[in-house]
Each structure stands twice: as structure tokens, then as C-alpha cells.
Amino acid sequence: MLSQISSVFTAENRRISSSLFVFPVLLTLAAPAHAELASTTPKGLSVALSDNVLVLNDTDRSASLELVNLGQLPTEFALQSVKMVMNAKTQDGSEFIRWAPQRAKVPANQTMPMRISARQLDKLPPGEYMLKLNVSALTRPGPEAKTADKAQGVAVTIPIMPVLPVTVYLRHGIDTPGIRAQKLVYTPKDREYLGYFPVTKTVPGQSFVGQIQVINQATGDVLSSGRLHLRPTTNESVVRMPRGKFTAGAAGTYCLKIWDHFPAKGNPIQEQCNG
């Protein structure tokens, strides 16, 4: 499982082409240096999540993700909800969304599943609900990870605690939010991007989580693929096209395909082409 997750991270990170593509999440952290401290972190400290955005609904009331320890030391993961300021259409889901385990110790170079589920939906008014979790990973350094305070000459041990965010949406009694894409806008003066497809949500104030593909219409080749995630507070954005991926330039014909699920299910809800 760990080798599969690692290979997915490597392959997908090479294919990131949308400014909105956030999956997968891979975080490798070292202790921050301080002006008064000289730090050495545990060798090989590296933690990750297999995903960081999950969607629950009346049909799929549960989902899971993997806590990934890519490091060389056992790592303890702890999950804690984060208080948020909600808008009129997306409400706090912390009372209806549960997760387990709340704390888990993952051996070196292994993974452990975390399950998230919704409950008591019969008592819940229709709408979209949201939960944010902070997944903290604590690895206690060995003797080699001591930090010397130059001013006092004292050696202390600093626990390393990276924090990875997870967003969970619960949609109850509502349709899956949609999105509209407009024609490709070329940016000839931009050296990095050939252009972009503008996208706008059909239901402002709710999230959109789906999959996108940009294909070469002439050959059918998939030139980029990823997740499209618009938070409740973001009603419009763009899907960018890096020049390095679209070598035919403005002479090419490109189509943006959008699904309202991630990973994609069935046929795309929209296909927007520039030709």
C-alpha cells in the first residue's frame, strides 16, 4: 500500500496543471530554524495523507483516507476539529460528522486508515455541512535530534509536529452542486500559461468538488487531469493551461471536461472546447 501511495504521489505531482488541483497531499517537514537555535531533525521525517478533501451525501455516508508515515520512525497522528465561521448556505457539521480513530500510532513506512462518517441524518435539515480537521503528526526525535541553545549552552529535545488540514463536506437532501465553464481565454503575454478556462459555480455559497481533464480534441490525448475544488466562499476561478503541457500552443484545439465527482463517475457534466 505504501509503495502504491508513494508512486501515485510521484506520478500525479508531475501532472498538476490546474491552479485548483490539490490532490494528492504530500508534506515533508523539518523543524523551523530559530535565530538562537541550531536544529537537527529526525532523519527521514515525512508524513502524508492519501487525500485532504472528502464528500459525504445521503448515498455515500462514509469515506476513508490513509494516514501515511513515510519516515523512519513511528509517528503518532492526532485528529482534532477546527472551529469555523460559516456562511448562510454551508453550516457547521461537527455535530453530525464523526471520525475514527481520533489518535493512532503508525509504524515507520506504513499506513493506517481513518474513517469518516455521517450520522443522525434524519434529524438534519437539508443543506451542505462542513467539517475541518487538523491532522497533527508527532514524532519524538532520538538522541541525534537534540537542539543546542547557543545563548545558554543547554541541549533540549524538540518534538516535531507538522499539521495537515482535511476538509469534509456533507450534502444532505440537496442536489450535487454544478459548475459552468466558459471558452478558453488565451494569454499570449504570459510566458508560463497558454491560457485558462473560466469556471463559475451554479450554486453560490456551496462547495464544488469534481474532476477535470483537458484533452487534445484532435487526438483525444489527456494533456492534464486533476481535482477541481471550489470552497463555499469561492464562486468562480480558472483552470490554467501550462505551456509546457500544451505544446501545440494556440494552434491546438482543446476541450475541458468536468465531472461533479472526484474521482470521476459516469459521463462529464460539461465539455467546453475552444474550437
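## A buried ring pair

Let's start with Y254, which is buried, with a relative accessible area of 1% (buried means under 20%, exposed over 50%, partly exposed in between, using a 1.4 Å probe and protein chains only). F246 is buried too, at 3%. This is a predicted model, where local features need pLDDT of at least 70, side-chain atom pairs count only at pLDDT 80 or more, and totals for chains, interfaces and linings use all residues. Residues are numbered from 1 along each chain as its sequence is written, and side-chain values use heavy atoms, leaving out hydrogens and water.

A search of the whole structure turns up 2 aromatic pairs. In one of them, the ring centres of F246 and Y254 are 5.2 Å apart with planes at 90 degrees, so the pair is edge-to-face. (Rings of Phe, Tyr and Trp, taking the six-membered ring of Trp, pair if their centres lie within 6.5 Å; planes under 30 degrees apart are stacked, over 60 edge-to-face, the rest tilted.)

## Salt bridges

Side chains of opposite charge can pair when their charged atoms come close. There are 4 salt bridges here, each a side-chain nitrogen of Lys or Arg within 4 Å of a carboxyl oxygen of Asp or Glu.

One of them joins D60 and K265, at 3.6 Å from N to O. These two sit 205 residues apart, each in a loop between strands (strands are DSSP runs of E, at least two residues, numbered from the N terminus). D60 is partly exposed at 33%, and K265 is partly exposed at 46%.

Another pairs R171 with E128, at 3.3 Å. Both R171 and E128 are buried.

Notes: Helix = DSSP H or I, 4+ residues; strand = E, 2+ residues; numbered from the N terminus.
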